[in-house]
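Visitor: Hi, I'm new to this one. Could you walk me through it?
Guide: Happy to, let's look at it together.

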Amino acid sequence: MRSFSYARAQDAPDAVARFRPGTAYLGGGTNLVDLMRLGVATPDHLVDVSRMPYDRVEPTSGGGLRIGAAARNADVAAHPLVREHYPMLARALLSGASGQIRNMATIGGNLLQRTRCAYFQDTSMPCNKRAPGSGCPAVDGDHENLAILGHSAGRELACVATHPSDMAVALTALDAQVHVTGSQASRVIPMPGLHRLPGSEPYRDTVLEPGELITAVELPPPPPGRSAYRKVRERASFAFALVSVAALIDIGDDGITRTCRVALGGVAHAPWRAFFTERAVAGAAATAETFARAADAELARAVPLARNGYKVTLARNLIAATLEELASLFSPPGEER
Ligand SMILES: Cc1cc2nc3c(=O)[nH]c(=O)nc-3n(C[C@H](O)[C@H](O)[C@H](O)COP(=O)(O)OP(=O)(O)OC[C@H]3O[C@@H](n4cnc5c(N)ncnc54)[C@H](O)[C@@H]3O)c2cc1C
Ligand code: SF4
């Protein structure tokens, strides 16, 4: 490993003031340190932001929740307010990594973890994300677990990577807002909106500018309805999603859907909000046929690669089955709820 300097930031202004070219912020280190060992990340300076006083989970005056960026994944998943009002978020967090990693991993670091594309993690291979212009071996190579939506296969700087965070999928469905501080100003970035599709700049995972620090994630008041996080993976634990879905639905006494939110993981360079599904479900009868049609409406946009077409079927069935399962928790039309 190359040598680097280490400093511990006291708070956000201190962290931002310490940032200079070659700096990386350090959260729990469960992703960054692995990438440093592999030679994929080569920072000259580490600014540790995991001990800043931003580890609280607090109700907001507007009825939502503010989660500090330094809060540990395990603590957030176990927090009573998260479990009671945002169970989808607790489930998403608990489905990720292992207990030990969740004890270390922070909310800010989880959002900014890098792709698990095998070529990105192997410095002996070309990769447009790691070395722009070197090529993307995944397009014709090992891409079984890579993107089916919003990728840039065929473009000059192709990238078909997926974003690995489970938590980010739930935050995307919940309309979370990410609070960020930079050297010039602070700003709030809505989700979806923090993570980018690769476009012609696959080396940029997010819309953050160099030196911008995530300080908190804010959730609006919990939407009414029933919600779930479902993750399909190759084994029951310690595995990233092949496809995941965060879904919420609220159905009236007349059997008509009032609200529907759906976000997908494992299918794109960013957590994917399924707006076409949502539009097809909201205002329609909450039936299996509606859910199947609505899932088709989203997946019609998919452009699978040679060996990941299975994900189109998987995502489609996962959306439809999760909405159906949630709808079954409501009383049939005409009955008291
Ligand atoms: C074996 C294994 C299995 C895993 N399985 C899953 C899984 O199934 N699902 C899942 O979602 N995740 C999984 N993970 C990933 C894990 O969730 C992440 O490694 C973790 O969330 C990263 O958080 P961290 O605080 O350790 O981040 P770090 O490793 O410290 O940082 C990650 C990135 O975020 C940046 N950063 C950190 N904090 C901030 C901040 N406040 N502002 C700006 N930038 C910041 C760092 O510079 C770095 O680029 C797994 C990891 C391992 C090792
Ligand atoms: S998919 Fe993206 S991360 Fe993977 S090799 Fe291609 S450019 Fe690199």
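Visitor: How much space lies in the largest cavity?
Guide: About 90 Å³. Keep in mind as we go that this is a predicted model.

Visitor: Which residues are closest to the centre of that largest cavity?
Guide: Cys117, Cys127, Cys136, Cys159 and Ala161, out of 16 residues that line the largest cavity. By class, its lining has twelve nonpolar, three polar and one charged residues.

Visitor: What sits in the largest cavity?
Guide: Ligand 2 does. The shell around ligand 2 has 13 residues, and those that come nearest are Cys117, Cys127, Cys136, Cys159 and Val160.

Visitor: And how does the shell around ligand 2 divide by class?
Guide: There are eleven nonpolar residues, one polar and one charged.

Visitor: How many cavities of 30 Å³ or more are there?
Guide: Two. The second largest cavity has a volume of about 60 Å³.

Visitor: Which residues line the second largest cavity?
Guide: Among them are Gln113, Arg114, Lys129, His163, Asp205 and His269. Its lining counts two nonpolar, five polar and three charged residues.

Visitor: Switching topic: which residues are closest to ligand 1?
Guide: Tyr25, Thr30, Leu32, Thr106 and Asp166 are the closest of the 33 residues that surround ligand 1. That shell splits into 14 nonpolar, 14 polar and five charged residues.

Visitor: What share of ligand 1 does the protein bury?
Guide: 91% of the 980 Å² that ligand 1 exposes when taken alone.

Visitor: Which helices and strands supply at least two residues of that shell each?
Guide: Strand E2 (23–26), helix H2 (32–38), helix H7 (107–111) and strand E8 (213–219). H7 gives the largest share, three residues.

Visitor: One more. Which residues lie nearest the centre of the second largest pocket?
Guide: Arg116, Cys117, Asn145, Leu146 and Phe240, from a lining of 26 residues. The second largest pocket has a volume of about 460 Å³, and its lining has twelve nonpolar, eight polar and six charged residues.

Methods. Residues are numbered from 1 along each chain as its sequence is written. Chains are lettered from A and ligands numbered from 1 in the order in which they are written. This is a predicted model: local features need pLDDT of at least 70, side-chain atom pairs count only at pLDDT 80 or more; totals for chains, interfaces and linings use all residues. Side-chain values use heavy atoms; hydrogens and water are left out. A residue is near a molecule or strand if one of its heavy atoms lies within 4 Å of it. On a 1 Å grid over the protein atoms alone, a cavity is a set of points where a 1.4 Å probe fits but cannot get out, and a pocket is an open set with protein on both sides within 12 Å along at least five of seven lines; lining residues have an atom within 4 Å of a point. A molecule sits in a cavity or pocket if more than half of its atoms lie within 2 Å of its grid points. Ala, Val, Leu, Ile, Met, Phe, Trp, Tyr, Cys and Pro count as nonpolar, Asp, Glu, Lys and Arg as charged, and the others, Gly among them, as polar. Accessible areas come from the Shrake-Rupley method with a 1.4 Å probe; for residues, only the protein chains shown count as cover. Helices (H or I, at least four residues) and strands (E, at least two) are DSSP runs, numbered from the N terminus. Grid points are joined across faces, edges and corners, and a volume is the space filled by probe spheres set on the points.
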